[in-house]
Amino acid sequence: MPTLWNSTLGRRINSSEGVKRYTIVPVTMADLGNNERRMLKVMLEEPDSAWTLDDLLNSCGWNDQAHVAGAGLGLEEMGFLEIEEIPSRFISLGPEGIRASENGLLESRLLNWLLERESSARTMAALSSDFEKSESGPGIGLLKKMGIEINKGTLIIPDDINSIQTIINERQSFISTLDNEGVDSENLDREMISSFKVRKGIIEITESVSRTWTLTQKGKNSDISTLDETQLIVDLTPEMLQTDEWKNAEFKRYDVNLPAPTPSGGRPHPMQSLIQRIRAIFLEMGFSEIEGDFVRTAGWNMDSLFIPQTHPARAMQDTFYLDNPQSIPIEEKWLNLWADVHENGGDTGSTGWGGKFDQDEARKGLLRTHTTVNTVHHLAENPNEPCRVFGIGRVFRQEAIDKSHLPEFHQIEGIIHEPEASLPMLVTTLKTFYAKMGYPDVRVRPAYFPYTEPSLEIEVKWRGMWLELGGAGIFRPEVTEPLGTEWPVCAWGMGLERLAMLVLGMDDIRELYLPDLQKLRSMPII
Ligand code: PHE
C-alpha cells in the first residue's frame with residue numbers, strides 16, 4: 001500500500017507568525033497528482049519567487065483558479081510550499097459617488113449655488129427650494145463643517161473662501177481617482193476613505209484576500225526530473241484486469257479526507273421512522289395492530305373507561321368537543337350498562353360514582369383525547385377472544401403549545417387480554433419494549449387513572465434522569481364488566497413525542513414538526 005497523504009498524516013501547527021506549517025509523513029513524488037507536478041515544476045523555474053495567482057495561472061497554462069487553489073493546497077499539505085494570505089481592501093464608487101463624479105460633490109454644488117447669488121439671497125429658504133430635501137439637510141451640515149455659518153436663516157461665506165475651495169477640490173479629485181472596479185486602499189488617502197465611508201453611497205469597500213505561493217526548502221530541493229506528468233488511471237476496468245496492463249499503470253490518488261458536498265436525498269420524516277420501528281417491535285413481540293377514528297363519542301372515550309362525567313379533564317378547556325357532529329348515536333345497551341356502573345357500580349360490587357348518568361353527555365362528539373378509546377372499543381367487540389393488540393395514533397387535547405406540549409400528539413397504546421394477564425406480565429412487556437428501543441433502565445411507580453387498578457407510571461432513565469413516558473395498569477371491573485370480557489386486561493398508553501425527544505436527543509417538542517429541512521436531514525437515522 002503506498003503512503004496516502006492527507007491532513008490526518010500531517011499535524012497542523014500554527015507558528016508564531018501565523019503561517020500554517022505541517023509536520024509531514026514522508027511522501028514520494030509518485031504521490032503527486034498531475035496538477036501538483038505541473039505547479040511545482042513551474043515554480044522551480046523561479047524558486048525564490050512569491051507567486052501570485054495570475055503568475056501561476058499564466059505559467060501553468062490554466063484558466064481556472066481552482067487548479068491553483070487545489071494543487072497549491074496539496075503541495076502545502078505535503079510541505080513543498082507555503083501559502084501567504086494578504087488581506088486587502090478595494091474602494092470603488094457607490095451610486096452617490098458616481099453622481100458626484102459626474103455632477104460634482106454635493107458640497108461643491110452647494111458652494112457654487114451660494115457664489116452665484118448675492119449675499120442677501122443666500123437664504124436657507126431659497127436653498128431648500130432649489131435642492132431636494134435629501135440634499136439640503138446633509139448639505140448644510142457639510143458646509144457648516146467647512147466654516148460656513150448661518151445667521152437668521154442666511155448662509156454666510158467666510159472671507160477665507162479659498163481654503164473651502166481647496167478642501168472641495170481635494171475631495172473631488174479623490175472621487176475622480178476611483179472607478180467602478182475598485183482601487184487598492186493602500187494607494188489611497190486614508191483620511192479621505194474614512195471621511196467618505198460615513199457618507200451614504202459615495203464609496204463602497206470590498207475586502208478580499210490575495211494569496212502568494214512560495215516554495216519551501218523542501219520544495220526547492222525537489223528533483224525536477226520526477227515531475228513529468230503521467231497518464232493517471234481513474235477507474236480500474238475489467239478489461240485492464242484481463243491483461244497485465246494494470247501492473248505498470250499509475251492510478252489517480254484520492255484523498256478521502258477532502259471536503260465534499262453531502263448528498264441529501266429523500267428520507268422518511270424521523271417521526272415516521274420512529275413509528276415504523278415501534279410497530280416492528282410490537283409485531284415482533286407477537287402483538288397485532290389496531291386502528292380507530294379521530295372523531296369519537298365522549299361515551300367511548302370516557303364513560304366506558306369509568307371516567308366520571310364530572311371529571312375536570314372532560315371539560316371544554318381540556319377536550320375538543322365538536323360542533324359537527326355535535327352528537328353521535330351510541331347503542332342503548334352500552335348507555336344503560338355505563339349508566340348502571342357510573343351510578344351504582346352495576347354488577348361489579350363497586351358503589352360507582354353516584355349521581356345521575358347523563359346519556360346526552362355520553363353521545364357528545366369529540367376528538368379523541370387518548371388512544372385508550374381504541375383498545376376499550378376493541379374489547380367491546382371481542383370480549384371472548386384473548387388478544388395482544390397495540391396501536392399508534394394521533395390524539396387531541398386543548399394544550400397551549402410550549403416546549404413540552406402540543407395540542408396534537410401521538411400515543412402508543414396496547415392491551416393484553418388473556419387468562420394469565422397480570423401486573424408482572426404488564427411490567428415485563430413494557431420493560432421489554434423499552435429495552436428493544438434501546439432504553440434498558442425502566443421503572444414503574446404507583447399512579448392513578450380512573451380506569452385502572454393498580455395503576456402505574458412508566459419511567460425511563462435517560463442521561464441519568466428518570467423521565468415519565470406513560471401510564472399503565474389493569475383495567476378496573478367497572479370497565480371490563482360492562483364489556484363482558486372474560487379475563488384480566490393489562491393496558492398502557494405512552495407518549496410517542498416524548499420518546500422521540502429521547503431518541504432524537506432534543507429538548508423542544510415543537511422541533512419535531514417544524515418544516516426545517518436542514519434540521520430534519522441532520523436528525524439521526526432511527
Ligand atoms: N390513557 C392514559 C393517558 O392518556 C394512559 C393509560 C392507558 C393509562 C392505559 C393506563 C392504561 O395518559
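With which residue does Arg109 form a salt bridge, and how far apart are the closest N and O atoms?

Author: The model is predicted. Arg109 forms a salt bridge with Glu135, and the closest N and O atoms of the pair are 2.9 Å apart. Arg109 belongs to helix H5, while Glu135 belongs to helix H7, which spans residues 133-145, so the contact ties together parts that lie 26 residues apart in sequence. Arg109 has a relative accessibility of 23% and counts as partly exposed. That label applies because the value falls between the 20% limit for buried and the 50% limit for exposed. Glu135, at 11% relative accessibility, counts as buried.

Arg109 and Glu135 are linked with Glu96 and Arg99 in a network of salt bridges. Arg99 is partly exposed, its relative accessible area being 39%. Glu96 is partly exposed as well, with a relative accessible area of 33%.

Arg171 forms a salt bridge with Glu107, and their closest N and O atoms are 2.6 Å apart. Arg171 sits in helix H8 (residues 161-177) and Glu107 in helix H5 (residues 106-115), so this pair ties together parts that are 64 residues apart in sequence. Arg171 counts as buried at 17% relative accessibility. Glu107 also counts as buried, with a relative accessibility of 0%. Both residues are labelled this way because their values, 17% for Arg171 and 0% for Glu107, are under the 20% limit.

For the whole model, the count comes to 24 salt bridges. The pairs described here are among them, including Arg109 with Glu135 and Arg171 with Glu107.

Some backbone features elsewhere in the chain complete the account. The peptide bond from Asn324 to Pro325 is cis, with omega near 0 degrees. Pro325 is in the loop between helix H14 (298-301) and helix H15 (332-344). Another cis peptide bond joins Glu453 and Pro454, where omega is about -5 degrees. Pro454 is placed in a strand, namely E17, which covers residues 452-462.

The loop between E17 and strand E18 (465-475) contains Arg463. Phi of Arg463 is near 45 degrees, a positive value in a residue other than glycine. Arg463 is exposed, with a relative accessible area of 64%. A positive phi also occurs at Lys152, which is not a glycine, and the angle there is about 50 degrees. Lys152 is found in the loop between strand E5 (149-151) and strand E6 (154-156). With a relative accessible area of 81%, Lys152 is exposed.

Note on methods
Residues numbered from 1 in each chain as written. Predicted model: local features only at pLDDT ≥ 70, side-chain atom pairs only at ≥ 80, totals over all residues. Heavy atoms only, no water. Salt bridge = Lys/Arg side-chain N within 4 Å of Asp/Glu carboxyl O. Buried < 20%, exposed > 50% of the residue type's maximum accessible area, 1.4 Å probe, protein only. Helix = DSSP H or I, 4+ residues; strand = E, 2+ residues; numbered from the N terminus.
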